[in-house]
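Reader: Can we go through the aromatic contacts in this one? Show me the model and start with your terms.

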Amino acid sequence: MKKIIYVLVLFLVVVSGLVFANREIKNEISKKSVVKNLSNTEKKDVLKKWEATPDGIMFKKWEASPAGKKVYASEAKIRKPIKDYVNMKGVVTSLSLPSGSRLGFGIMVKINSDDYILSFGLEKSGSNEFQKLKSLKVNDTIIIKSHSVSHAPKYLYPIISGDYVERDSKIIYKRAPRKGGC
């Protein structure tokens with residue numbers, strides 16, 4: 001009888017040790033995965049360090065150049081419709097993106113006399129997600145809605161993320177909501 005009790009106690013000690021060790025490992029992993037939010041001062045310090053790198057210097061030169069100023073001015077013209085997620089009327093000017101582009105599928109559009117890249121992202125093989133967009137022709141008038149506009153020194157135009165496109169009162173593209181998130 002004593003042997004059985006000793007075996008059970010020893011078994012409980014080993015099992016509880018394993019459970020405790022596993023909990024410690026999980027706690028260490030979760031502590032490491034927590035991303036620390038930076039204060040404004042820390043963010044500014046990180047930005048200043050980046051601006052001193054060759055990429056940062058090149059970006060600052062681009063911002064001060066006529067091309068950079070033009071991109072920022074074009075962005076400013078559509079900032080309110082982007083923020084409010086309202087219709088913007090555009091005309092298709094090209095069915096392809098500038099050469100060397102790495103934005104995935106997209107087209108060029110003119111909105112209020114300024115040119116923009118309208119980017120939809122990478123095409124998934126076997127997907128017909130952009131099929132209706134491929135039916136667009138140069139000079140087609142479209143309605144665009146987007147949640148964001150961005151820029152990059154590589155491109156001479158602001159980049160609008162295509163979230164919604166309509167032609168002749170018919171939806172030809174609507175970005176699917178992300179799965180498992182907001």
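Author: Buried means under 20% relative accessible area, exposed over 50%, and partly exposed in between, with a 1.4 Å probe and protein chains only. This is a predicted model: local features need pLDDT of at least 70, side-chain atom pairs count only at pLDDT 80 or more, and totals for chains, interfaces and linings use all residues. Residues are numbered from 1 along each chain as its sequence is written, and side-chain values use heavy atoms, leaving out hydrogens and water.

Reader: Is phenylalanine 120 buried or exposed?

Author: Phenylalanine 120 has 4% relative accessibility, so it counts as buried. Phenylalanine 130, at 3%, also counts as buried.

Reader: How many aromatic pairs in the whole structure?

Author: Eight. Rings of Phe, Tyr and Trp (its six-membered ring) pair if their centres lie within 6.5 Å; planes under 30 degrees apart are stacked, over 60 edge-to-face, the rest tilted.

Reader: What about phenylalanine 59 and tryptophan 62?

Author: Their ring centres are 5.6 Å apart and the planes are at 35 degrees, so the pair is tilted. Both residues lie in helix α3 (residues 54-64), three residues apart, about one turn of the helix. Helices here are DSSP runs (H or I, at least four residues), strands likewise (E, at least two), numbered from the N terminus. Phenylalanine 59 and tryptophan 62 are both buried.

Reader: And how are the rings of phenylalanine 120 and phenylalanine 130 set?

Author: Tilted, because their planes are at 50 degrees, with centres 6.1 Å apart. Phenylalanine 120 is in strand β3 (residues 114-121) and phenylalanine 130 in the loop between β3 and β4 (141-145), so the pair ties together parts 10 residues apart in sequence.

Reader: Which residues cluster with Trp50?

Author: Phe59, Trp62 and Tyr72 form one aromatic cluster with Trp50.
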